[in-house]
Amino acid sequence: MIALFCLLIPPLALVCLRERLLGNHKTIYISALTYAFSVLALNGILMFLLSYVFHSEDELLFKLNHHNGFACKYIIMSIVLAFAEPYAERFFRTKMTLKIHLGSRRLPEFRHLRIFAALYALVLFLLNFIRIFNDNFCLDETFSVNLIQHSLPGILEGTAADVHPPLYYLFLKAGHIIFGNQGWMFHLVSLIPYAIILIFALTVIWKKFGKEAAVILITLAGISNNAAYYSVEVRMYSWASLFVLLSFYELYNILSAEKNKHYVLFALFSLAAAYTHYYALISVAFFYVIILLLACRKKLHMKNVLITCLCTIVGYLPWFFVLLETFVTKIDTFWLKNYPGFKESMNYLFSDQFTPVCWGIFLLGIVLAFLYESNIIQFQKGENKKITISVTFDNFHFSHLLTWMTAGIVSVIGTITVGILVSKLLRPFWVAHYAYPVSIVAWMILGITISKLKGKKVYTLLIVAYLLLLSIPAYQELYTFEKQANRAHQATLAATVEQIAEEDVILSNNEHMWDVFAPYYYPGISTETVNPFALPALKENTTYWLFFINDNVPEMAPVYYEIEKQGFSYEQIVTNGSFGMHTVNVYRIESQAAAEP
């Protein structure tokens, strides 16, 4: 009850004071929408302040209901903001005037909104940019970092033996050549496509599909849980997402203006997607199915479509045989044991942030947008401002936009379905995050759906506020975790890198230490995978370093006993360090004879 009072009453005061000070007496409907937005905006600002300024990490509702002092401070801050906003707005309206002189040119009104959108995109970009200064790589990231240490033939050979195509690794190799072996460089290469997506949204998407679609895309690509993670991860997913988006956009251009340059760009971007991730290949393959079907129905020129398909096949043929060989090799040894279902995979598209109600509203919006765009539903406003809704099939028209959106829906659902079917019929080859590259198509469809509805500005504000309200705490949690893990990781390296000699041996219970982590962090050092509770026979004249990676070991006594049993002494060098995003304890093990002065 206290939480509801703290969250809902100050925004009501804001709305009432604002209407009184500014003299805007609105209808009940507009006032209700303003109040709903005020609830989201006011509490979103306070949550941001609590997380980033006061470093409060506990659940907000729990603290409001169970800590009266915190609730009192929260409502005081909320009321101060609620009273400050109307007075500040009145001051700027009455005391300040903004004039922009461009000579004989007049600044279009939409440019003001685009400037704010650009600043908004810049803030989201910076929130991700500050996270690239991290040298604590997870398992997959370390594989990427190690692979590009090789020559070009070595990279191609290494990724051919893996389950991913080579294009991303070539980008990473180029960054390595230009900037060197820098931790931030590896993350920066993944951030580049994210920056391109933001620029693309502010320019092309804004112009072609409207500001609502652009802002929604900017928000989801910037701070949704999955996007915040993959925009800096040292993997190929951000690049695959960019190429799928550009392929999807060129498909729209082919449908709306069938020009040769759009076919060429479509083939190039789809090939880039296919050479970046195998499930991105499946996503763009559905676009080809759509244009072939349209060509068969004489909606597109068959000659252009066939030439495009043939050029794409020829362009991918060199790697297609590698794909087949990899598939045959990995079918019995791939690491997956199970796979997510359709519902879980669909929820992943929006970072599991959409509740069933949100999905229902989204699907309803798609249906209404389709009905409106196809002229089945028509809205007419009479002289007395009375709105008439007409339902008729006389003017039915399946436009290029509807065909394009349908192609996007088919690609999203088809990619997930193929992954699940392959996993069900052969063996698990589908992970939920493999849907990330095609997620951007779902984001585009959401944005365009909103842009086609009446009241699109209000819906856009509500969706963006809702996404920010959910995403900002999740981002803060991710940022805090990465920062703390990287700090612990740097301390682990500082305590071990200079101390471990070339003739020493690293022991670890992590099976990937010898082939993934050690080659990057401890190059040239011999490494063995062991069970710390049953150590193998230790050599008397050798110094060992035990990296005990396990977050949940309550008692180390059996390990200590095993070390002493073999006549060795141990010294704990690192306690609760971080290595590959794991908690690690590091011990130096020497024979007691060697340890004695």
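Predicted model: local features only at pLDDT ≥ 70, side-chain atom pairs only at ≥ 80, totals over all residues.
Residues are numbered from 1 along each chain as its sequence is written, and side-chain values use heavy atoms, with hydrogens and water left out.

**View 1. Overview of the protein chain with its 23 helices and seven strands.** Helices (H or I, at least four residues) and strands (E, at least two) are DSSP runs, numbered from the N terminus. Of the 597 residues, 49% count as buried, where buried means under 20% relative accessible area, exposed means over 50%, and partly exposed lies in between (1.4 Å probe, protein chains only). Among contacts, meaning heavy atoms within 4.5 Å, between residues at least 6 apart in sequence, 75% join residues at least 24 apart.

**View 2. Helix α14 and the residue Lys 298 that follows it.** Helix α14 covers residues 278–296, and its 19 residues reach 27 Å from the first C-alpha to the last, close to the 27 Å expected at 1.5 Å a residue; the expected span is 1.5 Å times one less than the number of residues. Lys 298 has a phi near 65°, a positive value in a residue other than glycine, and with 76% relative accessibility this lysine counts as exposed.

**View 3. Packing of helix α13 (residues 260–274) with helix α15 (residues 302–330).** The two axes, lines fitted to C-alpha atoms over the stretch in contact, with angles running from 0 to 180 degrees between N-to-C directions, come within 10 Å and cross at roughly 30°. That makes α13 roughly parallel to α15, since angles under 35 degrees count as roughly parallel, over 145 as roughly antiparallel, 65 to 115 as roughly perpendicular and the rest as oblique. On the α13 side, Asn 260, Tyr 263, Phe 266, Ala 267, Ser 270, Leu 271 and Ala 274 meet Asn 304, Val 305, Thr 308, Thr 312, Gly 315 and Tyr 316 of α15. By class, this contact has seven nonpolar, six polar and no charged residues, where Ala, Val, Leu, Ile, Met, Phe, Trp, Tyr, Cys and Pro count as nonpolar, Asp, Glu, Lys and Arg as charged, and the others, Gly among them, as polar.

**View 4. Packing of helix α7 (residues 152–160) with α15.** Here the helices pack at an angle of about 45°, with their axes 10 Å apart, and that makes α7 oblique to α15. Leu 156, Thr 159 and Ala 160 of α7 make the contact with Trp 319, Val 322 and Thr 326 of α15, a set with four nonpolar, two polar and no charged residues.

**View 5. Asn 226 in helix α11 (residues 225–230), with the residues around it.** Asn 226 is buried, having a relative accessible area of 11%, and, not counting residues up to four places away in sequence, this asparagine touches Tyr 348, Ser 351 and Tyr 436. Ser 351 is found in the loop between α16 (342–348) and α17 (356–373), and has a positive phi of about 60° although it is not a glycine. With a relative accessibility of 6%, Ser 351 counts as buried.
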